[in-house]
Amino acid sequence: MANIEENVSKLIGDEKIDMIAATSVLQIRASEIRQSQINWQSYLQSQMITQRDHDFIVNLDQRGQKDLPDRNPEGCADVFLNLVAHISKDNTIQYVLVLIDDILSEDKSRVKIFRNARHGNVWQPFLSLLNRQDEFVQHMSSRIIAKLACWHPQLMEKSDLHHYLSWLKDELKMNLCVIVYVMMKIESMAERSAVTLRGLFSGKAEKVSAELEHAEQVMLEHEKQNFSDKPTKTHKEKDDSKDSEKYKSLYSSFDVLKSHEDLPDGLVKNNDYIQSVARCLQMMLRVDEYRFAFLSVDGISTLLSILASRVNFQVQYQLVFCLWVLTFNPLLAEKMNKFNAIPILADILSDSVKEKVTRIVLAVFRNLIEKPEDQQVAKEHCIAMVQCKVLKQLSILEQKRSDDEDIMNDVDFLNERLQASVQDLSSFDQYATEVKSGRLEWSPVHKSAKFWRENAARLNERGQELLRTLVHLLEKSRDPVVLAVACYDVGEYVRHYPRGKHIIEQLGGKQRVMYLLSHEDPNVRYEALLAVQKLMVHNWEYLGKQLEKEQIDKQSGGTAVGAKA
């Protein structure tokens, strides 16, 4: 645990993490709430709070007795937990939560004031606030829960932990739903425009390029109208400051939706607080015992689903950071690529324009090689990275020669390990890794007759894992190259393995290949047709051998009868 904290601090530092948090929507709103004035006397007069609660909060809030929580810790916990549990007005609850957060932020050791309280279950009042309609109340409560859970040696109780992590995961999923819905709207609009254009210019081949150009312009215009890129600054930033440039927070088009009128019911919730959710996860997942709890609520697959979609670089960085701290656990490092982590992170690395995103992705890759105790898994991770063209990105980074020592150290480490894995790689290892990555391409092994003669039977290993993956790609992939190569591989397997047709039929592969005979891409149709022909030829060869055998049997039988006569 100490090593992880040291690595975290080395990579980014708590102060810089807090600087990121300071520019989030949550902190901007909190700074506004601090300026408000609460009439505590009215709450006392209406008997909504006791005289003791009133005196404590007035002394702390209005008379500037900032050391009051340290002088009277028991009273502090009782007063604030009473206020959280019994006050219903949103603006007052907002103010109380900001006060609690400020008390904890001033001194981490103050978490014991609340964790050692005699109030019963300290989590319940804050967990209940996660269900409030007010988003600020939800997310400030979440921030407080994370601090109470991470800054105290006693772990959060299992049921409360499961509740909290499930809430964080659902908040992330809500963000993903917004992204997917908006992208569907954009695609739908572009498709309608393309259909209209095809009707207008039907039969005029020379206008096809104009159609495509206009459709693209429609998509871009739609994005401009519905999304805005608004850099947000809440404190002065020096232009020549490296840290400021490195860690400032920007809100991209998917952080600040201009309007939610077009979103269906259930998606109208603003996703401005996504950074706050990610920040809470960054804190929670530093604690090893909380990592498996996060896995149990399907948290890792949720993180990777969001990273596979379009999010801004700040959220991207925070979520990859979560994966990084998860990979310090050897068992989780071994499981990570079962969630398709390496291909998704490889895409982020190739598209990254921000140094901090590059740094954290490289750090995850290093952990995926260093941390697994099973060296075979580490080798498979190396092969997967090679398959996802990570070596090419490392070469580009090597040429750029970043001033960041961490980046260059990781580049050198990964280069050495990946190059070594390539030298030890058999052609079948290359093929298996490519299939498992789901990123089939026309690499040399596919077209090698020698490869198929020697290795067709090996596709049956591990419960026909590779064959099942090929059939899955035939069903799920939308990439024409992947579909074409998968069809070709199925055909070659059937051609070189005697019982191949029967196995492919059992796995549903024949049906999928025949379905692709009507695919819109000509190359997919061509490879699907070849695969079907190979399936049928295999039948004919088998039938021919059977007929030949029967004729031989008849001839030998007739000869035997004649001899006996």
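Q: What should I know about the model before I start?
A: It's predicted, so local features need pLDDT of at least 70 and side-chain atom pairs count only at pLDDT 80 or more, while totals for chains, interfaces and linings use all residues. Residues are numbered from 1 along each chain as its sequence is written, and side-chain values use heavy atoms, leaving out hydrogens and water.

Q: How many helices and strands does the protein chain have?
A: Helices (H or I, at least four residues) and strands (E, at least two) are DSSP runs, numbered from the N terminus. Here the protein chain has 32 helices and two strands.

Q: How do I read burial, and what part of the protein chain is buried?
A: Buried means under 20% relative accessible area, exposed over 50%, and partly exposed in between (1.4 Å probe, protein chains only). Of the 565 residues in the protein chain, 50% are buried. Helix α20 (residues 341-351) is mostly covered, with eight of its 11 residues buried; among them are I342, I344 and L349.

Q: What covers the buried residues of α20?
A: The cover includes α17 (299-307), α18, α21, α22 (375-387), α23 (390-400) and α25 (427-437).

Q: At what angle do α18 and α21 pack?
A: Axes are lines fitted to C-alpha atoms, for helices over the stretch in contact, and angles run from 0 to 180 degrees between N-to-C directions. Helix α18 (residues 313-326) packs on helix α21 (residues 355-370) at about 20°, the axes lying 9 Å apart. That makes the two roughly parallel (angles under 35 degrees count as such).

Q: Which residues make that contact?
A: Contact means heavy atoms within 4.5 Å. From α18 the list includes F313, Y317, F321 and W324, and from α21 it includes V357, I360, V361 and V364.

Q: Where does Q282 sit, and what is it in contact with?
A: Q282 belongs to helix α15 (residues 274-284), and counts as buried because its relative accessible area is 2%. Leaving aside neighbours within four places in sequence, Q282 touches Q318, F321 and C322. A polar contact is a pair of N or O atoms within 3.5 Å; within protein, one must be able to donate a hydrogen and the other to accept it, and residues adjacent in sequence count only if both atoms are side-chain atoms. The side chains of Q282 and Q318 make one at 3.0 Å.

Technical notes. Angles under 35 degrees count as roughly parallel, over 145 as roughly antiparallel, 65 to 115 as roughly perpendicular and the rest as oblique.
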